[in-house]
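Q: I am new to this structure and would like to learn how to read it feature by feature. Could you take me through it slowly, with the general idea before each case?

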Amino acid sequence: MENKGSDEVENLKTKFLSAWHSVKYSWALKLKTSFSRNSPVFLLGKCYHFKAEDEDDLTDPCYETTEDDFILGNVDDFRKDFTSRLWITYREEFPPLPGSTLTSDCGWGCMLRAGQMMLAQALVLHFMGRDWTWSEALTLQPLDTETRTTTAAKRLVASLEASLQGPLKSLNKPQYVNQAQAPGSAEEADAHLKEMYHRTLVSWFGDSPSAQLGIHRLVRLGMTMGKQAGDWYGPAVVAHIFKKAVEEALDPGLAGITAYVSQDCTVYSADVIDSHRAPRDRQASNPPQNNQPVPSPSRAVIILVPVRLGGEKTNPDYFNFTKSILSLEYCIGIIGGKPKQACYFVGFQDDSLIYMDPHYCQSFVDVSTSDFPLQSYHCPSPKKMPFSKMDPSCTIGFYSRSAHDFEKIRQELSKVLQPSAKEKYPAFTVVQGHGRDYDLSASLTPEKREWPFIRDPRRTVTTAGDFVLL
């Protein structure tokens, strides 16, 4: 009886904490972000210019992202592109996470959410291509302060009421749209198919135990690395968690893609090529169902590279390197942020990074229904942050569709990683051959995994990729 009372008190504490986070993180969205009209904007390998050809006489050096201003240059194109990226944020009121009574990740799960956004971008490239945009992107309006305050208050009341109720029911397996309902023309059929992929992709990141890449599965995988629900996850640990999540995903639609994590700030080309070639056993035993993405004969590879770009702060010598990385068409972004405050970097303008912020608490969405709302998975409000505030610990991501694509990526990276007068030591290296036959992460404590440049003492061969802290 005493244990039951203690559990009820613990559940009540969890509800109150969730309620507090609902209010705290409902103020996270900034209303306006200023962009210069005179400088190009880069977004995941694409370049946008906001200055119209006939506005040379303009004196206003910047504009704010309000509805009236989205008429210059190709601002609408940028806005549609940015809003089409998947935005994955804090959620609340989902089923309890493994090994805990937590029903929200507010306050601690931001790096996992940032990693989900980067992985989602890789899957968008894989199934829909870089040019895909959501048809409803330009209709999505940012929440104003009044709306956010009202919503937060409602969530506070709902959370307190929920403390007196039982646990949420487990979710059913996601249902998918019937592909036979696709329109007649080839163009319409292609658009319809991509929208089905869009919805299926979002469902993989749902906040339920059955979601292939959802937070429940990520937390469970994190437990094998010494992490618990409620802990803060660093970018290097998240890279290894996502590698396992992709490799162990059971959905046939994910059979055609895998993940590779660099070892010791070194990408071994032969290991990446092997990842492209090696078929999955489940691919043959689990044929795709209706409307599921069809696996290809060879696998695509998500390349994740944990790096550290300085000591306590990011070394300014790496600012241009970061810009070059985000300008590559194969780049799927960078997860990092400010100290203990993660975000997903997707682009830059001048000396500011453009990022997507997971620090916004939203209600649980049941993705098991065929028509679940997609609006809360897209953000119309880009944010900017000076490069100088970027935490030096981060993970860079690339998407390689084939071995042929990887050769192009390797050639592009060889140019970006060339040492210069300022950048004497590259952030990471790409070398020929295989890595050593050991699991570097297995011999390190969770704390040391956040320092990806620590070398294993068994390693006898020194390469140009030895990481030196500037």
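A: Let us begin with a cut-off: a residue counts as buried under 20% relative accessible area, as exposed over 50%, and as partly exposed in between. Asp350, with a relative accessible area of 38%, is therefore partly exposed. Please keep in mind throughout that this is a predicted model.

Q: Where is Asp350 found, and what is its phi?

A: Most residues other than glycine have a negative phi. Asp350 has a positive phi of about 55° although it is not a glycine, and its place is in the loop between β10 and β11. Another case is Leu44, where phi is near 45°, again a positive value in a residue other than glycine. Leu44 is found in the loop between β2 (41-43) and β3 (46-48), and with a relative accessible area of 1% it is buried.

Q: How many helices and strands does the chain have, and what share of its residues is buried?

A: The chain comes to 11 helices and 15 strands, and buried residues make up 53% of its 470 residues.

Q: Which residues does Lys323 touch, and is Lys323 buried or exposed?

A: Lys323 belongs to helix α10 (residues 319-326), and because its relative accessible area is 17%, Lys323 counts as buried. Leaving aside residues up to four places away in sequence, Lys323 touches Phe348, Asp350, Asp351 and Phe387. Asp350 in that list is the residue with the positive phi of about 55°.

Q: What do the buried residues of α10 pack against?

A: The helix α10 is mostly covered, with 6 of its 8 residues buried, namely Phe319, Phe321, Thr322, Lys323, Ile325 and Leu326. These buried residues pack against the strands β9 (331-338), β10 (341-349), β11 (352-356) and β14 (393-400), and also against the helix α11.

Q: How do the axes of α8 and α11 cross?

A: For a pair of helices, one reads the separation of the axes, then the angle, and then the residues in contact. The axes of helix α8 (residues 269-277) and helix α11 (residues 403-416) come within 9 Å and cross at roughly 155°, which means that α8 is roughly antiparallel to α11. The crossing of this pair is right-handed. On the α8 side the contact is made by Ser269, Val272, Ile273 and His276, and on the α11 side by Ala403, Phe406 and Arg410; by class, these residues divide into 4 nonpolar, 2 polar and 1 charged.

Q: How many residues of α7 are buried, and how long is α7?

A: The helix α7 has 14 residues and reaches 20 Å from its first C-alpha to its last, close to the 20 Å expected at 1.5 Å a residue. Because 10 of the 14 residues are buried, α7 is largely enclosed by the rest of the structure. Among the buried residues of α7 are Pro235, Val238, Ile241, Phe242, Ala245 and Val246.

Q: Which residues of α3 and α7 meet, and at what angle do the two helices cross?

A: The axes of helix α3 (residues 110-127) and helix α7 (residues 235-248) come within 10 Å and cross at roughly 50°, and the two helices are therefore oblique to each other. Their crossing is right-handed. Met111, Leu112, Gly115, Gln116 and Leu119 in α3 meet Pro235, Val238, Phe242 and Val246 in α7, a contact with 7 nonpolar, 2 polar and no charged residues.

Q: What makes the contact between α6 and α7?

A: Helix α6 (residues 215-223) packs with α7 at an angle of about 115°, their axes being 9 Å apart, and α6 passes α7 in a right-handed crossing. Leu218, Leu221 and Gly222 of α6 make the contact with Ile241, Phe242, Lys244, Ala245 and Glu248 of α7. By class, this contact has 5 nonpolar, 1 polar and 2 charged residues.

How values were computed: Residues numbered from 1 in each chain as written. Predicted model: local features only at pLDDT ≥ 70, side-chain atom pairs only at ≥ 80, totals over all residues. Heavy atoms only, no water. Axes fitted to C-alpha atoms, helices over the stretch in contact; angles between N-to-C directions. Helix = DSSP H or I, 4+ residues; strand = E, 2+ residues; numbered from the N terminus. Parallel < 35°, antiparallel > 145°, perpendicular 65-115°, else oblique. Left-handed = near helix turned anticlockwise from the far one by under 90°. Contact = heavy atoms within 4.5 Å. Nonpolar A, V, L, I, M, F, W, Y, C, P; charged D, E, K, R; others polar. Buried < 20%, exposed > 50% of the residue type's maximum accessible area, 1.4 Å probe, protein only. Expected span 1.5 Å × (residues − 1).
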